[in-house]
Amino acid sequence: MAICTVCGAWLEPSALDFSSNPNAIVCPNCGHRERLIRHPLWFIAGSSGSGKSTLMPYLRRALPECVVFEGEAIDFWRYGDSPTGYAALHNQWLKVAHQIALGERPVVFVAIAYPQQLAACPFHHYFSPLHFLGLTCSEQAQRERLLARPAWRNAGSPEFIAQSYGFTRGLEALARAGNTGIALHDTTALTPADSATAIAGWVRQTLSPNVTLHYARIVGLDLAEAHATADPARSLKTRG
Ligand SMILES: [Zn+2]
């Protein structure tokens, strides 16, 4: 919800007071109150060379009941120079995830961010629980993957490699710190298909089986039925 249904004020979450109203969206203009509906989110974080992009098609196939969205689909280079830097990009990611979640589809979002960067986004209030998994790999594997990229991607410089591996080590440090609930998945020795199977298992640990069954039905018979009733040829025939 972005507009107050009573007074029409813009309800951007950055302007809302969640600290005194943790379970409600309260219009700052007229005080109108609506229940805050939070959606679960599965966020998979990995830096360049962690195996993220290679994984995507396999992960989509392994999780047909979810919308698997790669954050890099949103042009990150538009945000580096903005006043709030990449924090604005992280918030855009959560806005997109929220729009998908409003359609009651489980969202698996794959991008580069630490949990604390997501927690700093106004849109993080729309998600709970936020399940976080870090993609890791050995330093050697990450370096080799980055050096194997075509030159136009500028991924082979020592600085870029160090930055990418620095993120991976940061994920490992966070997970080691304990009590963060952060899961790690090491892609070093696995095929993308095997990684996707393992990660789909991690998602389904916290995804209700009813959701999986529901979307299995939709993808099967129920969706076919919906298509049949929406077929224009059929509706014309009925009218004729
Ligand atoms: Zn209002």
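How are α4 and α5 oriented to each other? In this predicted model, the axes of helix α4, which covers residues 139-147, and helix α5, which covers residues 158-176, come within 10 Å and cross at roughly 140 degrees. Angles over 145 degrees count as roughly antiparallel and those of 65 to 115 degrees as roughly perpendicular; α4 and α5 are therefore oblique to each other. Their crossing is right-handed. On the α4 side the contact is made by E139, Q142, R143 and L146, and on the α5 side by F160, I161, S164, Y165 and T168. Sorted by class, the residues of this contact are 4 nonpolar, 3 polar and 2 charged.

From α1, the residues T54, L55, Y58, L59 and A62 meet P192, A193, S195, A196, T197, I199 and A200 of α6. The contact of α1 with α6 has 9 nonpolar and 3 polar residues, and no charged ones.

At the level of the whole chain, the domain assignment gives domain 1 as residues 1-36 and domain 2 as residues 38-238. The centres of domain 1 and domain 2, taken over C-alpha atoms, are separated by 28 Å. Contact between the two domains involves 4 residues of domain 1 and 4 residues of domain 2. On the side of domain 1 that touches domain 2, 3 residues are nonpolar, 1 is polar and none is charged.

Two features of the backbone were also noted. Most residues other than glycine have a negative phi, and most peptide bonds are trans. The peptide bond that joins S128 and P129 is cis, with omega of about -5 degrees. P129 is found in strand β6, which covers residues 127-136. E104, although not a glycine, has a positive phi of about 65 degrees. E104 is placed in the loop between α2 (86-102) and β5 (107-111).

Confidence was examined along the chain. The mean pLDDT is 87, and 91% of the residues of the chain reach 70 or more. Over residues 234-240, pLDDT stays under 50. For this stretch, the model has 1 contact beyond four places in sequence. Where pLDDT is low, the predicted coordinates should not be read in detail.

Terms used: Residues numbered from 1 in each chain as written. Predicted model: local features only at pLDDT ≥ 70, side-chain atom pairs only at ≥ 80, totals over all residues. pLDDT = per-residue confidence, 0-100. Contact = placed C-beta atoms within 7 Å. Helix = DSSP H or I, 4+ residues; strand = E, 2+ residues; numbered from the N terminus. Nonpolar A, V, L, I, M, F, W, Y, C, P; charged D, E, K, R; others polar. Domains from an automatic or database assignment. Axes fitted to C-alpha atoms, helices over the stretch in contact; angles between N-to-C directions. Parallel < 35°, antiparallel > 145°, perpendicular 65-115°, else oblique. Left-handed = near helix turned anticlockwise from the far one by under 90°.
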